[in-house]
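Below is a briefing on the pockets, the cavity and the sheet of one model. The topics are grouped for quick reading.

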Amino acid sequence: MELVIDNLACRRSGREVLRGVSFRLATGQAAALRGPNGVGKSTLLRVLAGLVPMTGGSVRLGEISLRKDQSAFQERLAYAGHLDAVKPALSVRENLALWSRIHDADAGKADGALAHFGLAAIASRSAGECSAGQKRRLGLARLAVLDKPLWLLDEPTVSLDTAAVALLAELVRAHLSAGGMALIATHADLGLGELPTLTLDPLTADETTADPFLEGAW
């Protein structure tokens, strides 16, 4: 299986954010997504996750097209964005159990995921009482529960200390060894060695075209 991004473009709020993005990610491979703040890294990941529509180009995961079969494409990926997406009223363990049920995943993996990220001792604690780092680790623990070949990670090391970053890297390595893929937007060294890099460059003012409708040309 291979992730193939071909000439992808995206327009948001009437302005082009991404243009001509092309990249390939092979089975068992991780890649770093880099570029200055505001260049569109989060937008690209959200496009790949099916949360923001593309306005041009194509994306395939194996034989599955994001444009033609979005549901099937989304079934094969796990997306971890800026927000940890934890339910504060639920306990740490209940949060992970909920995600297991939603995705029809193996609930038996939850305890192992909590242990991996050092959360077993606080499994009964309300997620709302957890620190920022604990919430981040809980959000990332979902990756160990869900059996998805493609991981899309947006600045996953935010709020993590050095030890937690090492645990994340260990989890990513295990995922890759099992034939998974990961596209990771990060400026941090995850300890994964030299990764292929998809670098996004800002579009210049001349390159950025506005939507004629929003500019009043109607």
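**Second largest pocket**

Helix 6 (162-177) gives the most to the lining of the second largest pocket, with three residues. This is a predicted model, in which local features need pLDDT of at least 70, side-chain atom pairs count only at pLDDT 80 or more, and totals for chains, interfaces and linings use all residues. Residues are numbered from 1 along each chain as its sequence is written, and side-chain values use heavy atoms, with hydrogens and water left out.

- The second largest pocket holds about 250 Å³ of space.
- It is lined by 14 residues, and Leu146, Asp147, Trp151, His175 and Ala178 are the closest to its centre.
- Helix 5 and helix 6 each supply at least two residues of this lining.
- By class, the lining of the second largest pocket has eight nonpolar, three polar and three charged residues. Ala, Val, Leu, Ile, Met, Phe, Trp, Tyr, Cys and Pro count as nonpolar, Asp, Glu, Lys and Arg as charged, and the others, Gly among them, as polar.
- A pocket is an open set of points on a 1 Å grid over the protein atoms alone, with protein on both sides within 12 Å along at least five of seven lines; a cavity is a set where a 1.4 Å probe fits but cannot get out; lining residues have an atom within 4 Å of a point.
- Grid points are joined across faces, edges and corners, and a volume is the space filled by probe spheres set on the points.
- Helices (H or I, at least four residues) and strands (E, at least two) are DSSP runs, numbered from the N terminus.

**Largest pocket**

- The largest pocket has a volume of about 480 Å³.
- Its lining counts 24 residues, with Leu77, Ala78, Tyr79, Trp99 and His103 nearest the centre.
- Strand 6 provides the largest share of that lining, four residues.
- Helix 1, helix 2 (70-74), strand 6, helix 3 (92-102) and helix 5 each supply at least two residues.
- Twelve nonpolar, seven polar and five charged residues make up the lining of the largest pocket.

**Cavity**

- The structure holds one cavity of 30 Å³ or more, and the largest cavity has a volume of about 30 Å³.
- Ala80, Leu83, Asp84, Arg136, Gly139, Leu140 and Arg142 line the largest cavity.
- Helix 5 (residues 132-145) contributes the largest share of this lining, four residues.
- The lining of the largest cavity has three nonpolar, one polar and three charged residues.

- Five strands form an open sheet in the order 6-7-8-3-9, with parallel pairing; two strands pair if DSSP finds at least two bridges between them.
- Strand 6 (77-80) and strand 9 (197-199) are the edge strands, each pairing on one side only.
- Neighbouring strands of this sheet are turned by 15 degrees against each other on average, direction ignored.
- Strand 7 (residues 150-154) and strand 8 (residues 181-185) run parallel and are joined by five bridges.
- Leu153 stands opposite Ile184 in strand 8.

**Helix 1**

- Helix 1 (residues 41-48) lies across strand 3 (30-34), strand 6, strand 7, strand 8 and strand 9, and runs at about 150 degrees to strand 7.
- Axes are lines fitted to C-alpha atoms, for helices over the stretch in contact (heavy atoms within 4.5 Å), and angles run from 0 to 180 degrees between N-to-C directions.
- Six of the eight residues of helix 1 are buried, so it is largely enclosed by the rest of the structure; buried means under 20% relative accessible area (1.4 Å probe, protein chains only).
- The buried residues of helix 1 are Lys41, Thr43, Leu44, Leu45, Val47 and Leu48.
- Gly50 follows helix 1 and has a positive phi, near 80 degrees.

Terms used: Buried < 20%, exposed > 50% of the residue type's maximum accessible area, 1.4 Å probe, protein only.
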